[in-house]
Structures are given as structure tokens and as C-alpha cells.
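The sequence and model come first.

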Amino acid sequence: DPSTHPFITESGPVPSAEIPERIRRNRDSSAAGTNLYWSIELDGVFVGYVALHGADASISALSYATRPAWRRQGIAREALEAICQSCRSGSPSKDLVARTHEKNTPSAELLLQLGFGEIGTVDTPQGRRREFKLLAAQQADEVGR
């Protein structure tokens, strides 16, 4: 989607010819437990995805996107809440981080509402990003007060 790719990568949309190979690599890393990918579908229509990168590491990175027609309807929130709950109840030493494009205010607001705290900005191969870390449930309650 031309309106989405600037928030994910500065290099532009993935060329159609590269998509099958990318899907194969994602499936392979999911099967290995390195990265986990979930499609978000409604009535058989692909509306977005959620991914957990470094799922087998002490620090995992969350990524997600929804197609424009399905944004701001709570779809990403529902998927992210499930992953955050799973990470909080899993290993207490596991950290979950997420990065957003510095101009993607709705995504940053969603992360804050889900109990992430903003920890700074980083330069990545995809451009400058705001970085967030999932706070422990108790910390998130205190921040929300």
C-alpha cells in the first residue's frame, strides 16, 4: 500500500515479484520459532499482520500494520493486546519493544495506551523511529494514573 510503506520502510513498497520469496522466508522463520507472523483476516480478507521478531530472544520486537480501510477500528489493538498479555505472563525476563515511524502518531498513541513507555528514538535502516518498551503490568497501571 503506497500510504503505508513510508511508515514501515523508506525503500518503497515490496515489488510484487519479491512477495512469494518474502512469504517463504517468513514462514521458515516462524516454523523455526525465530520470528512469529500472524495474518489478520476478517471474513477471509487480509486486513493486516502482527509479527514478533526475535521471539526466541530475551528482547523481542513487535511490528504490525493494517490496511487503510480497516484502520482505527480496534483491529490492531485486539491483536496487540493478545501478544502483550502473552509476553507479560510469559518469561519475566523477556522484554518487548516496538518502533514507530516518528510521524506515525496514531501508532505511537496505541502503544502508549497498551502499556508501552517511550524510551527514545533510534536511527534504523528504515529511517528514524520512536522506540517503546512494554512496561510490567504494575508499571503500566502507574503510568496510566
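Buried means under 20% relative accessible area, exposed over 50% and partly exposed in between, with a 1.4 Å probe and protein chains only. The model is predicted: local features need pLDDT of at least 70, side-chain atom pairs count only at pLDDT 80 or more, and totals for chains, interfaces and linings use all residues. Residues are numbered from 1 along each chain as its sequence is written, and side-chain values use heavy atoms, with hydrogens and water left out.

**Overall fold**
- The protein chain has five helices and six strands, taken from DSSP runs (helices H or I, at least four residues; strands E, at least two) and numbered from the N terminus.
- From the N terminus, the order of elements is α-α-β-β-β-α-β-α-β-β-α.
- Of the 145 residues in the protein chain, 34% are buried.

**Residue N35**
- N35 is part of strand β1 (residues 35-42).
- N35 has a relative accessible area of 15%, so N35 counts as buried.
- Leaving out residues up to four places away in sequence, N35 touches S29, S30, L52, H53 and G54, where a contact means heavy atoms within 4.5 Å.

**Helix α4**
- In α4 (residues 105-113), the buried residues are S107, A108, L110 and L111.
- These lie on the same side of α4, because they cover an arc of only 160 degrees around the axis; the arc is that of the directions from the helix axis to the C-beta atoms.
- The buried residues of α4 pack against β3 (59-66), α3 (75-89), β4 (95-101), β5 (116-124) and β6 (127-134).
- After α4 comes G115, with a positive phi near 100 degrees.
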